Amino acid sequence: MREDEGRLRFEIGARDGAARVGTIHTAHGPIETPAFIPLATKGSVRGLDTDEVAALGYQLILGNTYHLFVSPGPERIAAAGGLNGFMGWERATITDSGGFQVFSLAHGGVANEVKGSGRAGGHGSIVEIGEEGARFRSYRDGTELFISPEVSMEVQAGLGSDIALVFDECTPFHADREYTARSTERTHRWLARCLAWHGENGPQRQAVFGIVQGGVHEDLRRESAQAVSEAGVDGLAIGGTLGRDKEEMRGVLAMTAPLLPEAAPKHLLGIGEVDDLLAGIALGLDVFDCAVPTRLARHGVALAPDPERRFRLDLRKAGWQGNRDPIAAGCPCPACRRHDRDYLSYLSRAEALTAVRLLCLHNLTYMHELTRHARAAIEAGGYRAYADAVMAGAAPWEAAPIV
RNA sequence: UCCGGGGUAGCUCAAUGGAAGAGCUCUCGACUGUUAAUCGAGCGGUUGUGGGUUCGAGUCCCACCCCCGGAG
């Protein structure tokens, strides 16, 4: 951990096995963990205004360096008072470094890269990755732009996020061990450069999280966890593609999580589904960000206590006509309080903006409830039973009622 | 009644006489540090009816039946 404590304090409360309840204190307020973090990649949680996100109970949202760099640019955001002022969001922010875009713009996304055999689905927007950094071609106007560790930290300084993530390379699933090892080492050199730039120029109150890479290889993950731990960061994130499927991902996480320093906040990058959070929390991970809940909402899929269907209820599929049930009984969100599946299915298939909003509110409510009740379960010493109950089909609020 | 236009997938419409297609709908699949209110796949046809010409007709010819517009 860094010597100069104060810009970010992480307080661990109750523990239940490896799972723990904690609070990350930032200049923009506390973040109670375990926490799910909605994505505000381009400066908004798609479909929602900031007051709605806050009303859902969220204390931290994630913005993206690459996208905000391309537009509207860090100067414009800095002039508006940073991401907080620009967005009108008073609570805490974390910014991703742009490292993931080196991967996603080249491969089109995690699923494409894992399922495809090579460059399937790529956007062709990555020009080259080298020791200095990565060259991109802007998808907006084709101009070439360069992001290095220093550029990333400078942009994040302009964004003024409470937590900055170091610039890394998200190693593809199909990369061989040799490439992953070399990439991970380069990520460590980039980490040192990020910290060096930030130490001299970064905002005092801005914390920096390092990112552990190493692919699916235990020795590389171990080396990376050690390197990041010793670098002097305020928290650690687990990055990289985590395997072919959930089983492999669980294995990678099970071997990686214990390698991280106990006292540090631990962020699992990009993961996100209901069962993933339950498993991650059990391993002592604290923070999870993911595009899935909000993306599924826009695609007509609601989260629901249905493990048989991967906790998804697809309102665009046939069969909801005349169904008077809410998405999830007992869910406190407006979609469930006021509407039934028949109506929501109709709205979503009609491509009504209201459907997008209602399902975003629902899915974010569901994720928030999942972590809120997980915290209660940990405090009560019953996390295992809680996770088992949710995995068996109980809603979070049924699995660990808060009295 | 006459003149003109038109009948092709559930809908809106393509297809120099040479292997009947697209979009939408519908059904299904995908989505994990968001270029994604997105993407992919599938179902779906006696080309209005009956004749004719032709090696070959959605296409050309004849008759009839519908629809639209105009005239009376």
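**View 1. Helix 8 and helix 9 are roughly parallel to each other.** Angles under 35 degrees count as roughly parallel, over 145 as roughly antiparallel, 65 to 115 as roughly perpendicular and the rest as oblique. This is a predicted model, where local features need pLDDT of at least 70, side-chain atom pairs count only at pLDDT 80 or more, and totals for chains, interfaces and linings use all residues. Residues are numbered from 1 along each chain as its sequence is written, while chains are lettered from A and ligands numbered from 1 in the order in which they are written. Helix 8 spans residues 177-201 and helix 9 spans residues 218-230. Their axes cross at roughly 5° and come within 11 Å. Axes are lines fitted to C-alpha atoms, for helices over the stretch in contact, with angles from 0 to 180 degrees between N-to-C directions. Helices (H or I, at least four residues) and strands (E, at least two) are DSSP runs, numbered from the N terminus.

**View 2. Helix 8 meets helix 9.** From helix 8 come Thr180, Ala181, Thr184, His188 and Leu191. Helix 9 answers with Leu220, Ser224, Ala227 and Val228. Contact means C-beta atoms, placed from the backbone, within 7 Å. The contact residues split into 5 nonpolar, 4 polar and no charged. Ala, Val, Leu, Ile, Met, Phe, Trp, Tyr, Cys and Pro count as nonpolar, Asp, Glu, Lys and Arg as charged, and the others, Gly among them, as polar.

**View 3. Helix 14 packs against helix 15.** Helix 14 covers residues 341-349, and helix 15 covers residues 353-379. Their axes lie 7 Å apart, at an angle of about 125°. That makes helix 14 oblique to helix 15. In helix 14, Leu344, Leu347 and Ser348 meet Thr354, Ala355, Leu358 and Leu359 in helix 15. This contact has 5 nonpolar residues, 2 polar and no charged.

View 4. Elements giving two or more residues include strand 5 (60-64), helix 6 (110-115) and helix 12 (292-298). Helix 5 gives the most, with 6 residues. By class, this surface has 21 nonpolar, 16 polar and 12 charged residues.

**View 5. Confidence in chain A.** Its mean pLDDT (the predictor's confidence in each residue, from 0 to 100) is 94, and 96% of residues reach 70 or more. Over residues 117-121 the pLDDT is below 50. Where pLDDT is low, the predicted coordinates should not be read in detail. The model scores ipTM 0.92 and pTM 0.95.

How values were computed: Contact = placed C-beta atoms within 7 Å.
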